[in-house]
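Open the model in your viewer and keep the selection tool at hand. This tour goes stop by stop: what to select, then what is there.

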Amino acid sequence: MATYFTEPSRTFSEYLLVPGYSSKECMVDSVSLKTPVVKFKKGEEPALTMNIPLVSAVMQAVSDDKMAVALAKEGGISFIFGSQSIESQAAMVARAKAYKAGFVISDSNISPESTLQDILNLKERTGHSTVAVTTDGTAQGKLVGMVTSRDYRVSRLDKDVKVKDFMTPLDQLIYAPAGTTLKEANDIIWDNKINQLPIVDDEGRLQYLVFRKDYDSHKENKNELLDAQKRYVVGAGINTRDYKERVPALVEAGVDILCIDSSEGYSEWQKMTLDWVRETYGDTVKIGAGNVVDAEGFRFLAECGADFVKVGIGGGSICITREQKGIGRGQASAVIEVAQARDEYYKATGIYIPICSDGGIVYDYHMTLALAMGADFIMLGRYFARFDESPTNKVNINGSYMKEYWGEGSSRARNWQRYDMGGDAKLSFEEGVDSYVPYAGSLHDNVNLSLKKVKSTMCNCGVLSIPELQEKAKITVISTTSLVEGGAHDVLLKDSSKNYK
């Protein structure tokens with residue numbers, strides 16, 4: 001006879017946190033969001049800890065090397081998507097690991113034979129007014145000049161005028177040699193009252209740009225997540241097909257942590273992958289597994305040697321697995337049961353295995369609920385896809401700026417490996433959609449706002465850390481009427497466009 005769960009499959013929107021006693025120590029600035037990422041034994045410290053409980057999803061539309069750097073600056077980890085060639089993914093990891101804070105690889109480059117119209121098109125596409133002019137129009141080409149908004153007036157120049165005719169040439173630029181430190185670069189910028197400083201190698205090739213405007217922002221990154229060599233911590237997704245070739249390449253590139261990216265983690269395929277990693281690397285390579293939605297799935301992956309376990313099937317905003325296959329579970333119910341299994345496993349073995357809640361986050365307060373229900377950290381796709389740092393295009397849809405966002409199970413991504421059950425090497429049917437999400441600006445501003453809400457809610461609960469929240473949180477199921485009552489109601493809003501949730 002089939003097994004029946006007597007409780008409904010619940011989502012985060014069906015719960016609220018009940019306030020607890022708040023002492024005078026419960027202030028936002030006193031709250032710590034540090035959280036373990038990989039398993040550890042009782043009495044020991046985890047090998048990897050994050051300063052904020054957020055990671056970005058293993059998705060083409062979310063996590064590349066630019067996202068990895070941006071999120072590591074805030075204290076989280078990006079898992080660079082694996083539905084690309086091994087060489088391409090390893091190169092992304094290497095670029096993120098090689099990134100030096102304050103030294104920016106130019107993403108607005110043009111050749112001297114290009115035109116003013118090309119400059120305008122580039123500015124429209126990237127949003128940047130500073131353009132490096134290199135012999136071949138690439139970021140590492142030989143630098144011959146720079147173009148900023150001060151170098152041209154659209155009303156006074158023909159659109160077909162060559163860049164070489166109005167750029168600021170190299171002999172009129174102030175630049176610095178490779179090996180210049182960030183302090184030295186900032187001193188040159190301030191002493192010469194310039195807005196950007198190109199860094200070039202001995203052959204005159206552009207290496208980096210250092211911007212005056214970044215000086216203050218670098219001072220603000222107090223939570224940045226660094227490895228022992230002061231490089232940003234970077235994650236990457238792998239599949240259960242080509243892991244014997246992919247994992248060595250990613251390890252060689254310097255990856256800090258891996259995650260098996262699969263729609264369903266309770267499988268022999270994941271065991272085979274974990275067994276091979278442990279046999280090949282022992283515990284030196286950290287690797288998470290998933291996804292699962294119940295205690296049985298968690299215990300399976302725990303015994304297979306996963307460093308963390310990812311929870312959630314069908315809860316993502318672009319996921320239609322439940323609709324297509326009738327399989328999954330409400331994210332809140334899944335997190336609650338898996339967290340209980342995690343705690344029982346810890347009591348029995350003395351080994352704590354962190355869990356990651358993946359999917360189902362609609363509002364910022366859902367993050368706090370996920371943590372209170374037992375998640376150690378949260379994986380987000382739609383949330384991060386909205387920002388400047390995601391790899392997708394910003395487009396204008398009916399007068400509003402949007403970012404493209406598609407699922408790994410969509411026909412656009414065709415990531416069949418994520419949904420692989422040992423059949424043909426193809427995507428038989430779609431389990432994700434192709435869509436747009438509202439453009440939201442910079443990752444830094446949005447993440448800080450979201451986490452201020454999380455910290456404020458934790459203070460209302462009378463706690464100052466995630467473990468304390470998990471221990472002391474009081475959570476209640478709400479009715480549909482209570483859900484309506486929770487928002488603005490029975491009034492006429494002055495600005496109906498605002499979404500206060």
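**Stop 1: a lysine over two rings**

Select K394 and Y439: the charged end of K394 sits over the ring of Y439, 4.5 Å from its centre. A charge sits over a ring if NZ of Lys or CZ of Arg is within 6 Å of the ring centre and within 35 degrees of the ring normal.

Before moving on, some ground rules. This is a predicted model, in which local features need pLDDT of at least 70 and side-chain atom pairs count only at pLDDT 80 or more, while totals for chains, interfaces and linings use all residues. Residues are numbered from 1 along each chain as its sequence is written, and side-chain values use heavy atoms, with hydrogens and water left out.

**Stop 2: aromatic pairs**

How many aromatic pairs does the structure hold? There are 15. Rings of Phe, Tyr and Trp (its six-membered ring) pair if their centres lie within 6.5 Å; planes under 30 degrees apart count as stacked, over 60 as edge-to-face and the rest as tilted. Select F308 and F377, an edge-to-face pair with 5.4 Å centre to centre and 70 degrees between the planes. The pair links distant parts of the chain, 69 residues apart. F308 lies in the loop between α8 (295–304) and β17 (309–311), and F377 in strand β20 (residues 377–380). Helices (H or I, at least four residues) and strands (E, at least two) are DSSP runs, numbered from the N terminus. Both F308 and F377 are buried. Buried means under 20% relative accessible area, exposed over 50%, partly exposed in between (1.4 Å probe, protein chains only).

Next, select F40, Y346 and Y352. These residues form one aromatic cluster.

**Stop 3**

Go to R342, in helix α10 (residues 331–349). Is R342 buried or exposed? R342 counts as buried because its relative accessibility is 2%. Now show D376: a polar contact of 2.7 Å joins the side chains of R342 and D376. A polar contact is a pair of N or O atoms within 3.5 Å; within protein, one must be able to donate a hydrogen and the other to accept it, and residues adjacent in sequence count only if both atoms are side-chain atoms. Leaving out residues up to four places away in sequence, R342 touches F298, Y352, I353, I355, G374 and D376. Contact means heavy atoms within 4.5 Å.

Stay in α10 and select S333. S333 is buried, with a relative accessible area of 9%. Its side chain reaches the backbone nitrogen of R10 at 2.7 Å. Not counting residues up to four places away in sequence, S333 touches P8, S9 and R10.

**Stop 4: helices α1 and α2**

Select residues 65–74 (helix α1) and 86–98 (helix α2). The two helices pack at an angle of about 35 degrees, with their axes 8 Å apart. In the contact are D65, A68 and V69 of α1, and M92, R95 and A96 of α2. Axes are lines fitted to C-alpha atoms, for helices over the stretch in contact, and angles run from 0 to 180 degrees between N-to-C directions.

How much of α1 is covered? Of its 10 residues, 9 are buried. Among them are M67, L71 and K73. Look at the start of α1: a side-chain oxygen of D64 reaches to within 3.2 Å of the backbone nitrogen of K66. Just after α1, G75 takes a positive phi of about 110 degrees.

**Stop 5: a glycine in a loop**

Select G441, in the loop between β23 (434–438) and α13 (443–460). G441 is buried, with a relative accessible area of 12%.

**Stop 6: backbone exceptions**

Most residues other than glycine have a negative phi, and most peptide bonds are trans. Select G290 and N291: a cis peptide bond joins them, with omega about 10 degrees. N291 lies in strand β16 (residues 287–292).

Next, K193, in the loop between α4 (182–192) and β12 (196–200). K193 is not a glycine, yet has a positive phi of about 55 degrees. K193 is exposed, with a relative accessible area of 72%.

Finish at K230, in the loop between α5 (214–220) and β14 (235–238). K230 has a positive phi of about 65 degrees although it is not a glycine. At 66% relative accessibility, K230 counts as exposed.
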